[in-house]
Amino acid sequence: PPHCLLNDNRQQHRLPGDAAMTVPAVRPPFDASSYLDWEAGQPEKHEYLDGEVFAMAGASDAHVTLAGNVFMALRNHLRGGPCSVFISDMKLRVEADNAFFYPDVFVTCAESDRAHSHYKAAPSLVVEVLSPTTSAYDRAAKFAAYRKLPSLREYALVDTERLSIDLFRRDETGHWVLYPSEGGDTGGVASVGLSVPVDRVYEDVNMEEKESPLNDAQPPTSRN
């Protein structure tokens with residue numbers, strides 16, 4: 001089995017017959033192909049980062065509702081066109097980092113992605129719903145990985161604690177420019193030609209002062 005880290009409590013899976021799993025001095029390689037085969041048989045989702053896998057915890061009410069609202073707005077807008085919208089169960093490959101992630105929502109219009117049924121690799125838009133426990137990771141390390149995708153034009157971060165969406169757009173020079181929006185604003189998603197009121201994105205969302213860290217996906221934490 002791979003070196004597997006549980007993100008919420010940092011415990012590792014146990015090997016059959018062992019009291020507890022420890023990291024061997026030399027681990028057999030667990031490449032991307034092996035991960036895909038292994039992941040297909042798992043009851044829970046795991047992200048993959050350069051030979052290691054990380055279990056994904058559940059999400060809060062606000063997180064799930066926001067992701068659903070974003071998905072529906074995009075799906076209704078793109079229905080019948082060449083682009084496809086995927087929600088959290090579809091993997092996104094970042095080949096440059098030897099990684100597979102599960103974004104909350106993403107859009108791909110690439111013909112090449114039609115050949116892959118269990119993952120995609122050329123998104124034009126990625127949306128992550130933030131929580132107190134994942135915000136720093138989604139804004140920094142994960143964004144750094146996504147920026148290596150040549151196809152990516154926009155990256156949106158949706159806050160769960162207040163009506164706030166930060167949309168980063170790649171300009172003609174390759175720089176990423178921030179376009180923030182708040183309650184009462186209308187946000188524009190240029191990569192798919194959609195304008196949507198922020199209040200609509202937050203429809204039926206039970207805003208919380210602070211979400212429980214036990215109920216949200218955690219960023220990978222290295223443990224040696």
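Leu92 sits in strand 5, residues 91–94, of a predicted model. The protein chain of this model holds 5 helices and 14 strands. Of its 224 residues, 45% count as buried. Among contacts in the protein chain between residues at least 6 apart in sequence, 56% join residues at least 24 apart.

**Leu92 and its surroundings**

- Leu92 counts as buried because its relative accessibility is 0%, and the cut-off for buried is under 20%.
- Leaving out residues up to four places away in sequence, Leu92 touches Ala99, Phe100, Phe101, Pro103, Phe106, Lys120, Ala121, Pro123, Val126, Tyr146 and Leu149.
- Leu92 and Ala122 are 30 residues apart along the chain, and 8.3 Å separates their C-alpha atoms.

**Nonpolar cores**

- The largest nonpolar core is made of 26 residues, and those with the most contacts inside it are Leu74, Val105, Val107, Val158 and Val201.
- Two or more residues of this core come from each of helix 2 (61–78), strand 7 (105–108), strand 9 (123–129), strand 10 (154–158), strand 11 (164–170), strand 14 (194–197) and helix 5 (198–201).
- Helix 2 gives the largest share of this core, 7 residues.
- Another core, of 19 residues, lies apart from the largest one, and its members include Leu92, Ala99, Phe106 and Val126.
- Beyond its neighbours within four places in sequence, Val158 is in contact with Leu66, Val70, Val127, Glu128, Val129, Leu130, Ser164, Ile165, Val201 and Tyr202.

**Strands 13 and 14**

- Strand 13, residues 186–189, pairs with strand 14 in the antiparallel sense, over 4 bridges.
- One of the residues in these bridges is Gly187, whose bridge partner in strand 14 is Val196.
- The two faces of strand 14 can be told apart by cover: Leu194 and Val196 are on the covered face, Ser195 and Pro197 on the uncovered one.
- In a regular strand, side chains alternate between the two faces of the sheet.
- Strand 13 and strand 14 form a hairpin with 4 residues between them, and Gly193 in the turn has a positive phi of about 65°.
- Gly193, in the loop between strand 13 and strand 14, counts as exposed because its relative accessibility is 55%, and the cut-off for exposed is over 50%.
- Gly193 and His77 are 116 residues apart in sequence, with 8.7 Å between their C-alpha atoms.

**The second largest pocket**

- The second largest pocket holds about 250 Å³ of space.
- Its lining consists of 21 residues, and those nearest the centre of the pocket are Ala156, Ile165, Leu167, Val189 and Val196.
- At least two lining residues are supplied by each of helix 2, strand 9, strand 10, strand 11, strand 12 (176–182), strand 13, strand 14 and helix 5.
- By class, this lining has 17 nonpolar, 3 polar and 1 charged residues.

**Asp166, a buried aspartate**

- Asp166 is placed in strand 11, and it counts as buried because its relative accessibility is 13%.
- Not counting residues up to four places away in sequence, Asp166 touches Arg139, Tyr155, Ala156, Leu157, Leu178, Tyr179 and Pro180.
- One of these contacts, Tyr179, is 13 residues from Asp166 in sequence and 6.1 Å from it in space, C-alpha to C-alpha.

- Most residues other than glycine have a negative phi.
- Asp50 has a positive phi of about 50° although it is not a glycine.
- Asp50 lies in the loop between strand 2 (46–49) and strand 3 (52–55), and counts as exposed because its relative accessibility is 55%.
- Asp204 likewise is not a glycine and has a positive phi, of about 65°.
- Asp204 is in the segment after helix 5, and it counts as exposed because its relative accessibility is 64%.

Note on methods: Residues numbered from 1 in each chain as written. Predicted model: local features only at pLDDT ≥ 70, side-chain atom pairs only at ≥ 80, totals over all residues. Heavy atoms only, no water. Core = buried A, V, L, I, M, F, W, Y, C linked by side-chain atoms within 4.5 Å. Buried < 20%, exposed > 50% of the residue type's maximum accessible area, 1.4 Å probe, protein only. Contact = heavy atoms within 4.5 Å. Pairing = 2+ DSSP bridges. 1 Å grid on protein atoms, 1.4 Å probe; cavity = no way out; pocket = protein on both sides within 12 Å on 5 of 7 lines; lining within 4 Å. Points joined across faces, edges and corners; volume = space filled by probe spheres on them. Nonpolar A, V, L, I, M, F, W, Y, C, P; charged D, E, K, R; others polar.
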